[in-house]
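Dear colleague,

I am passing on the structure below, followed by notes on what was found in it. Please read the notes with the structure open beside you.

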Amino acid sequence: MAAELIVRQTPRSLTAGEPNDALTQIVGDQFADLAGVFASRSEFQSKFSSSELLDNAQQIHAAGLSLNMLCQTYSEARLREIIENGTSLRRLFLKPDGRYIAEREREEGYPKGRLSALTAMNLMILQERVYERLSPEAQARCEIGVYDEPIRFNVLLLDAQLCVAQPYLPDVRGVDSPTLLIRKRRLSGGLYAIFDQIFRTLWERRLDHD
C-alpha cells in the first residue's frame, strides 16, 4: 500500500525513531507526522506517481481545485477497477462557476474561465467516464461534491494514514507550490489530524454538483 512505499523511501531518521541530535529530536517531537517536504508538486510527482499512491488504497479522500493528479494522471479504467474492487472515493472540487475559482484565476494570472473550464472537464470525466460506468454497488462508494470557499490547500488522504498536502500561495500556480508528505503516527493530534479535519469540514459543507 501507499504507506509502505513511503516507509521504504523515507530517510531512516524519519522512520526509526532514533534522532541523531538535539535539534532533530525537538523537530521530531513537534512534527512527527512529517515524512517529506518537496519544493513543488511536480517534484513530488517525480518521486511518487499517482499509480504508486492510489493502486492499493482502500479509501481516497481528496479536496482541491481541479484535482489534476487524480483526474488527469490516473487511468480512468484503473480508477473504475479499484472502486469496483472495494475502494471508497470522496472528491471535492472548487465550484467551476463559483466566486472563489474566479478569484484564483486572477491570482494566478490566468484568463477568465481557464481554471473553471479545466475543473468542469475533470468533473465531467469523473461523472461520465467513471461514476456512470460503475455498478450500482460501486457507485455508492464514489462520491463527488463541490465547494465555493477560499481555497487554501490541496489535500489527498489515503487509508486514514497518509496525506499529501499543498498550500495555494499568492501569485504561484498550484503545480509550483511546496508539497508536504505526512504519515499519521499518533492516535490524536499531529499534522495528519489537522488536514483530515480540513477535509472533513469542507465535506460537511459541500454542495451538490450539477
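Contact here means heavy atoms within 4.5 Å. This is a predicted model, in which local features need pLDDT of at least 70 and side-chain atom pairs count only at pLDDT 80 or more, while totals for chains, interfaces and linings use all residues. Residues are numbered from 1 along each chain as its sequence is written, and side-chain values use heavy atoms, with hydrogens and water left out.

Leaving aside residues up to four places away in sequence, R152 touches Q166, P167 and Y168. R152 and L169 are 17 residues apart in sequence, with 7.9 Å between their C-alpha atoms. R152 is exposed, at a relative accessible area of 56% (exposed means over 50%, with a 1.4 Å probe and protein chains only).

The structure holds 2 cavities of 30 Å³ or more. On a 1 Å grid over the protein atoms alone, a cavity is a set of points where a 1.4 Å probe fits but cannot get out, and lining residues have an atom within 4 Å of a point; grid points are joined across faces, edges and corners, and a volume is the space filled by probe spheres set on the points.

The largest cavity has a volume of about 150 Å³, and of the 14 residues that line it, R41, M69, N154, L156 and Q166 lie nearest its centre. The second largest cavity has a volume of about 50 Å³, and its lining includes L70, C71, Y74 and R91.

Best regards

How values were computed: Buried means under 20% relative accessible area, exposed over 50%, partly exposed in between (1.4 Å probe, protein chains only). On a 1 Å grid over the protein atoms alone, a cavity is a set of points where a 1.4 Å probe fits but cannot get out, and a pocket is an open set with protein on both sides within 12 Å along at least five of seven lines; lining residues have an atom within 4 Å of a point.
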